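Hi,

Here is the structure I promised to pass on. Have a look at it first, and then read my notes below.

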Amino acid sequence: MKVNQYLQGQPCWVELASLDITVCKPFYRALFGWDIVDLPVPQGSYSMFNLEGDDLGAMYQMPDEMIKAGDLSQWLLYFAVDNLDNTLVDVRGAGGTIILGPHDVGESGRMAAILDPEGAKFALWQAKDHIGAQRAAEAGTLCWVELACRQTEAAKSFYSKVLGWGSQASNMENMEYTEWQVGTQDIGGMMKMTSEWGDMPAHWMSYFTVDDCNAKAKQVVELGGAICVPPTDIANVGRFSVVNDPNGAVFSIIELRMGT
């Protein structure tokens, strides 16, 4: 499905910071069928993921200073905003921290990277010439975003103030789960981290649609990645797995089976 507009608060882009882009390019090309187009930028290159010419996300080689600082390969989620500068006022007022930007990305748009009050990292995007991902609701596209944190009530307050999200409790067996809403659309979720998570920090997770979760999880391993959570059914939703790419970046795949 083609996408030509994002509303305030909707997930609109994903970006992978990679320890070794030469290893990850063939991995994602084979796993999702993405075309990868390198764009020259002053610091090297920025590689766009796309399907039939429609942009879905991007990746870049982490600079040496990030690697020396101990940063790991990781996906970053972007959320659309109507006015970045106004939203950053709300970020500060709600207890968030601006760690990058705000700055213009050529004529494409304007961005900033944020830590929420518990330390989960995300980015904001005010579109100009580039709205973000240009496809959704098909295999290989972002379909769900999920916050794992310990202070769920504080998170509800923060994201409501910053992005205008609504929230509602979801009927998940053996866990506290919240669904995030933009208007009447469910755009993501939040799970409460328990003691079983150890000292893992709060974080956002990206979910990509696949046609067959079992087959894709097997392919992840064959391509040099690893399985963190094996394929598991979610009642009335589908089957998912949490995986690592060859550089250790974590993401999820999900085979949607709504109503089954």
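Glu107 is exposed, with a relative accessible area of 55% (exposed means over 50%, buried under 20% and partly exposed in between, using a 1.4 Å probe and protein chains only). You'll find Glu107 in the loop between β6 and β7 (109–115). Setting aside neighbours within four places in sequence, Glu107 is in contact with Lys128 and Asp129 (contact means heavy atoms within 4.5 Å). Ala148 is 41 residues from Glu107 along the chain, and the C-alpha atoms of the two are separated by 33 Å.

Two notes on what you're looking at. This is a predicted model, where local features need pLDDT of at least 70 and side-chain atom pairs count only at pLDDT 80 or more, while totals for chains, interfaces and linings use all residues. Residues are numbered from 1 along each chain as its sequence is written, and side-chain values use heavy atoms, with hydrogens and water left out.

Next, helix α5, which covers residues 213–222. Helices (H or I, at least four residues) and strands (E, at least two) are DSSP runs, numbered from the N terminus. Which residues of α5 are buried? They are Cys213, Ala217, Gln219 and Val220. Seen down the axis of α5, these fall within an arc of 160°, so they line one face of the helix (the arc is that of the directions from the helix axis to the C-beta atoms). A handy rule here: an α-helix has 3.6 residues a turn, so residues three or four places apart point the same way. The face of α5 turned away from the buried side carries exposed Lys218 and Glu222. What covers the buried residues includes α1 (21–32), β14 (226–234), β15 (238–244) and β16 (250–256).

Both ends of α5 are worth a click. At the start, a side-chain oxygen of Asp212 reaches to within 3.1 Å of the backbone nitrogen of Asn214. Just after the helix, Gly224 takes a positive phi of about 105°.

Most residues other than glycine have a negative phi, and most peptide bonds are trans. Glu52 is not a glycine, yet has a positive phi of about 50°. Glu52 sits in the loop between β3 (44–51) and β4 (54–61) and, at 67% relative accessibility, counts as exposed. Asn236 is not a glycine either, and its phi is positive at about 65°. Asn236 is in the loop between β14 and β15 and is partly exposed, with a relative accessible area of 47%. There is also a cis peptide bond joining Gly101 and Pro102, with omega at about 5°; Pro102 lies in strand β6 (residues 97–105).

Last, the aromatic rings. Rings of Phe, Tyr and Trp (its six-membered ring) pair if their centres lie within 6.5 Å; planes under 30 degrees apart count as stacked, over 60 as edge-to-face and the rest as tilted. By this rule the count comes to 29 aromatic pairs. The rings of Phe122 and Tyr159 have centres 5.5 Å apart and planes at 50°, so that pair is tilted. Phe122 is in strand β8 (residues 121–127) and Tyr159 in helix α4 (residues 152–163), so the pair ties together parts 37 residues apart in sequence. Phe122 counts as buried at 0% relative accessibility, and Tyr159 is buried at 0% too. The rings of Phe158 and Tyr159 have centres 4.8 Å apart and planes at 90°, so this pair is edge-to-face.

Cheers

Technical notes: Polar contact = N/O pair within 3.5 Å; in protein donor to acceptor, adjacent residues only side chain to side chain.
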